[in-house]
Amino acid sequence: MSSSRLVTRTLGNDANGTALRVSAVGLGCMGMSDFYGHTSPVGTQAEVDALATIRRALDLGVTLLDTADIYGPFTNERLVGTAIARRRDEVVIATKFGIDRTPADGARRGVNGRREYVHQACDASLRRLGVEHIDLYYQHRVDPDVPIEETVGAMGELVAAGKVRRLGLSEASAATIRRAHAVHPITALQTEYSLFTRDVELEVLPVLRELGIGLVPYAPLGRGLLTGTLLSTSDLAADDFRRSNPRFQPEALAANLQLVARVRALAEAKGITPGQLALAWVLAQGDDVVPIPGTRRVPFLEENVAAVGVHLTPADLAALAAAVPPHAVVGDRYVDMSAVNR
């Protein structure tokens with residue numbers, strides 16, 4: 001049975017003017033199948049653990065599950081579909097399309113926002129998830145070669161067909177968000193946002209609030225750095241993408257861990273973990289902000305959910321602002337930043 005103890009928040013409206021209400025924190029499922037190593041092939045203990053984590057999230061009252069077609073690739077949606085098969089009415093399923101990968105080996109073919117691809121991708125996601133509709137369908141990355149009006153127009157056709165309930169964008173610029181929202185209401189923007197990544201505050205977040213669009217931050221724990229448990233890339237699996245991430249390179253990591261130490265000290269003073277303090281900071285940025293920390297383990301999930309109950313005073317927020325100034329983090333968040341903020 002699902003719990004109702006976890007408080008909820010409101011994201012943006014659909015075409016009928018109805019807001020989307022979800023749990024104050026969601027669950028990012030990407031790392032169960034891709035990018036962080038130790039994935040969850042069918043029939044393995046890792047898959048059992050991942051399924052248990054998703055189901056425990058539902059028990060705790062987490063309603064927003066985030067996946068994408070490319071995660072795996074093409075396996076994470078199946079994992080999520082299996083986990084929620086008998087609990088569909090408890091879940092808001094968010095998935096994404098737009099980063100085209102080959103079925104054979106997962107090689108990336110680029111970003112695709114063409115109308116025919118939008119329809120094909122949606123149908124494939126519905127099959128993998130085993131559901132009749134997707135609650136929140138994001139364009140994963142903006143295609144620079146296709147007008148956003150064409151892509152969002154095609155996404156709107158999916159809404160009209162009953163295959164999708166609401167639309168979202170991921171890593172879109174303020175100007176693109178305006179153009180997209182003029183074609184069809186956008187319910188949420190997904191982008192990286194944490195104590196370590198705050199560029200969204202400059203232009204994007206003001207536009208979201210002007211238009212009534214919710215913010216769904218991914219990597220709210222700084223890709224694990226802000227938990228205070230990752231001290232070296234030697235702790236990472238050989239195929240973990242963070243090994244090549246600019247923020248995890250030796251000199252950058254050393255500087256960033258100094259910031260983490262400051263967060264840890266503040267967390268210890270409050271009797272909570274660094275990760276809980278980092279999540280509480282994101283949650284304190286507004287009731288229209290719903291972070292989706294990812295994990296494969298039940299104990300970490302429970303720790304993340306407990307952050308909803310952490311109250312930060314103005315003094316706490318001021319201390320965090322001083323401990324981690326917006327431009328203090330060393331290194332870009334991706335090797336190639338050209339695909340974000342388009």
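Glu171, Glu192, Asp199, Arg223 and Arg333 are linked in a network of salt bridges, a salt bridge being a side-chain nitrogen of Lys or Arg within 4 Å of a carboxyl oxygen of Asp or Glu. The model is predicted, so local features need a pLDDT of at least 70 and side-chain atom pairs count only at pLDDT 80 or more, while totals for chains, interfaces and linings use all residues. Residues are numbered from 1 along each chain as its sequence is written, and side-chain values use heavy atoms, with hydrogens and water left out.

Glutamate 171 sits in the loop between strand E9 (164–170) and helix H5 (174–183); helices (H or I, at least four residues) and strands (E, at least two) are DSSP runs, numbered from the N terminus. At 2% relative accessibility, glutamate 171 counts as buried. Here buried means under 20% relative accessible area, exposed means over 50%, and partly exposed is in between, with a 1.4 Å probe and protein chains only. The phi of glutamate 171 is near 60°, a positive value in a residue other than glycine. Most residues other than glycine have a negative phi, and most peptide bonds are trans.

Asparagine 341, in the segment after H10, also has a positive phi, of about 60°. This asparagine 341 is partly exposed, with a relative accessible area of 46%. As for the peptide bonds, the one from glycine 72 to proline 73 is cis, with omega near -5°. Proline 73 lies in the loop between strand E4 (64–66) and H2.

I return to the salt bridges. How many does a search of the whole structure find? The search finds 22. In one of them, the side chains of arginine 87 and aspartate 59 meet at 2.9 Å, N to O. Arginine 87 lies in the loop between H2 and strand E5 (92–97) and aspartate 59 in helix H1, so the pair ties together parts that are 28 residues apart in sequence. Arginine 87 is buried at 14% relative accessibility, and aspartate 59 is partly exposed at 25%.

Another salt bridge joins aspartate 135 and arginine 88, whose closest N and O atoms are 3.0 Å apart. Because aspartate 135 lies in strand E8 and arginine 88 in the loop between H2 and E5, this pair ties together parts that are 47 residues apart in sequence. Aspartate 135 is buried, with a relative accessible area of 10%.

A further pair is arginine 179 and glutamate 149, which meet in a salt bridge at 2.8 Å, N to O. Arginine 179 is partly exposed at 39% relative accessible area, and glutamate 149 is partly exposed at 32%.

What of a buried charge without such a partner? Aspartate 143 is buried yet has no salt bridge. The nearest side chain of opposite charge, that of arginine 114, is 5.1 Å away; Lys and Arg count as positive and Asp and Glu as negative, while His and the chain ends are not counted. Aspartate 143 is placed in the loop between strand E8 (134–139) and helix H4 (148–160). The side chain of aspartate 143 reaches the backbone nitrogen of aspartate 145 at 2.9 Å. Leaving out residues up to four places away in sequence, aspartate 143 touches Val111, Asn112 and Gly113, where contact means heavy atoms within 4.5 Å.

Helix H7 (residues 250–270) has 21 residues and reaches 30 Å from its first C-alpha to its last, close to the 30 Å expected; the expected span is 1.5 Å times one less than the number of residues. Which residues of H7 are buried? They are Ala252, Leu253, Asn256, Leu257, Leu259, Val260, Val263 and Ala267. Seen down the axis of H7, these buried residues fall within an arc of 165°, so they line one face of the helix; the arc is that of the directions from the helix axis to the C-beta atoms. On the other side of H7, Glu251, Gln258, Glu268 and Ala269 are exposed. The cover over the buried residues of H7 includes helix H8 (274–283) and helix H10 (314–323). Glycine 271 follows H7, with a positive phi near 75°.

In helix H1 (residues 45–59), the buried residues are Glu47, Ala50, Leu51, Thr53, Ile54, Ala57 and Leu58. They fall within an arc of 155° seen down the axis of H1, so they too line one face of the helix. Strand E3 (27–28), E4, H2 and helix H9 (298–306) are among what covers them. Just after H1, glycine 61 takes a positive phi of about 100°.

Conventions:
Polar contact = N/O pair within 3.5 Å; in protein donor to acceptor, adjacent residues only side chain to side chain.
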